[in-house]
Amino acid sequence: MKKTQNPSIERYVQSEEEQQKLYKRTLWVVILSQTFGGAGLAAGITVGALIARQMLGSESFTGLPTALFTLGSALSAFLVGRFSQRFGRRYGLSFGFITGGIGALGVIAATTMENILLLFLALFIYGAGTSTNLQARYAGTDLAKPKQRATAISMAMVATTIGAVAGPNLVTPTGHLAEAIGLPTLTGPFLLAAVAYLMAGFIFFFLLKPDPLLVAVAIAEKQNEEQVSTGGVNQQSTVDRLGVGVGAIVLVMSHVVMVAIMTMTPIHMERAGSGLSLIGLVISMHVAAMYLPSLVTGILVDKVGRSWMVVASGVTLSFAGFIAAYSPGDRMWSVALALILLGLGWNFGLISGTAMIIDATTIQNRAKIQGSVDVSVALAGSAGGLLSGIIVANSSYAFLSFIGAYMAILFIPLMIWVRYRKK
């Protein structure tokens, strides 16, 4: 990213007070946008697998929608990360959300026409909203001080809760709306997703000015110039590869466990006779646990430390897997407890792993590396979503949950190894 001489940016470079004002304003823009982004996120989680089963007539590929929109999110994560590094968060994030909104409209069209190929393509495009929803958490950290980073991440995720919790509970009302305008019932949540993602994109495009990443880069360049002029070393491209690698592992593994179990829970419940409203309620509790504890989690990550919260993530996800394995699909509160713990463990892993990556990079390379890491996260989620359907079709939901539990507990030896390497 080239150094800018834009006067509207230069005034923030010269004043720390102005930087903090912009930091707070950026957080409010992120919070507003994420409120809509969360609603768009929930549609694919809640009814994607059900649409696929209805159109394909088989449960073996019910994990395919999750695989497709997470695969799409992988490509968009790469593009949004590179686009943001070059042109700023404003253009990168608005592009990602608007693309996701277009994908949601495509899902509606494909379901209405019963065109399976168009459905697959639309789900792939819809995935852009999923990855952008996650990458938006970085926007609030660009101007944050080191001890504010996890808290800034958490504020963006708390905002996501509002829309993400409301989304699954609107399955029935949006289904009625879809029927009223002549569309299939299951397209209702995607109507909500289209509006929500487009709104999130427009908010970033029109309100994220000046761009926090461009300002942060200008500040870093000034500091590096001052350091070099006094005989210091320019550190602008330094990367802690161990920190990035461990952070990426935490993000990938926690995401795989969460996506795999979450994807098959609606199918597990429907097999046992649970209706859409009940499934939507359980998923909304799961999504609430994914995002609502974020503010407390962010404070804990900043105060207690990244490594301890990674261990907490592994233990919580493991408990979630074991409880899910022993929960019949018609025992709503048992399944809900498993999904709440699943969301909470993912929350711990996401915020602590993200903070590790931010700590290990500089503003000059951060957005690009963040995008690349999120590609790995999305690809892993895609594999988890696809394999979850195959595993359940050929064994059971319980077996899938046991696999997730055992994967999660590996966080403990990982953190022991990291501590040993740093001695």
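Ser76 is a buried residue, and its relative accessible area is 7%. Welcome to a short tour of this predicted model. The points below go through them topic by topic.

**Ser76 and its surroundings**

- Ser76 sits in helix H3, which covers residues 64-87.
- Its side chain has a polar partner: the side chain of Ser131, at 2.4 Å.
- Setting aside neighbours within four places in sequence, Ser76 is in contact with Gly81, Gly127, Ala128 and Ser131.
- Ser76 counts as buried because its relative accessible area of 7% falls under the 20% cut-off.

**The largest cavity**

- The largest cavity holds about 210 Å³ of space.
- Its lining is made up of 21 residues, and those nearest the centre are Leu41, Thr70, Thr130, Leu134 and His255.
- Several helices each supply at least two lining residues: H2 (16-56), H3, H5 (116-139), H10 (241-271), H11 (276-291) and H15 (366-394).
- Helix H3 is the one that gives the most to this lining, with 5 residues.
- By residue class, the lining of the largest cavity divides into 13 nonpolar, 7 polar and 1 charged.

**The second largest cavity**

- The volume of the second largest cavity is about 40 Å³.
- Gln34, Asn133, Leu134, Arg137, Ala156, Met157, Thr160, Tyr291 and Leu350 form its lining.
- Leu134 is worth a look in the viewer: this residue is among those nearest the centre of the largest cavity, and it also lines the second largest cavity.
- The lining of the second largest cavity divides into 5 nonpolar, 3 polar and 1 charged residues.

- Leu342 is in contact with Val257, Met258, Ile261, Met262, His286, Leu317 and Ala320, once neighbours within four places in sequence are left aside.

**Backbone features in loops**

- Pro210 lies in the loop between helix H8 (188-207) and helix H9 (212-229).
- Glu114 has a positive phi, near 55 degrees, although this residue is not a glycine.
- The loop between helix H4 (89-113) and H5 is where Glu114 is found.
- Glu114 is exposed because its relative accessible area of 65% is over the 50% cut-off.

**Thr141, a buried loop residue**

- Thr141 is located in the loop between H5 and H6.
- Thr141 counts as buried, at 1% relative accessibility.
- Its side chain reaches the backbone oxygen of Tyr138 at 2.7 Å.
- Not counting residues up to four places away in sequence, Thr141 touches Arg149, Ala152, Ile153 and Ile358.

- Gly314 belongs to helix H13, residues 306-325.
- The relative accessible area of Gly314 is 0%, so this glycine counts as buried.
- Gly314 is in contact with Ala408, Ile409 and Phe411, leaving aside neighbours within four places in sequence.
- Between the C-alpha atoms of Gly314 and Met253, which are 61 residues apart along the chain, the separation is 9.3 Å.
- Val217 has its place in helix H9.
- With a relative accessible area of 2%, Val217 is buried.
- From C-alpha to C-alpha, Val217 and Ala355 are 19 Å apart in space, and they are 138 residues apart in sequence.

How values were computed: Residues are numbered from 1 along each chain as its sequence is written. This is a predicted model: local features need pLDDT of at least 70, side-chain atom pairs count only at pLDDT 80 or more; totals for chains, interfaces and linings use all residues. Side-chain values use heavy atoms; hydrogens and water are left out. Helices (H or I, at least four residues) and strands (E, at least two) are DSSP runs, numbered from the N terminus. Buried means under 20% relative accessible area, exposed over 50%, partly exposed in between (1.4 Å probe, protein chains only). A polar contact is a pair of N or O atoms within 3.5 Å; within protein, one must be able to donate a hydrogen and the other to accept it, and residues adjacent in sequence count only if both atoms are side-chain atoms. Contact means heavy atoms within 4.5 Å. On a 1 Å grid over the protein atoms alone, a cavity is a set of points where a 1.4 Å probe fits but cannot get out, and a pocket is an open set with protein on both sides within 12 Å along at least five of seven lines; lining residues have an atom within 4 Å of a point. Grid points are joined across faces, edges and corners, and a volume is the space filled by probe spheres set on the points. Ala, Val, Leu, Ile, Met, Phe, Trp, Tyr, Cys and Pro count as nonpolar, Asp, Glu, Lys and Arg as charged, and the others, Gly among them, as polar.
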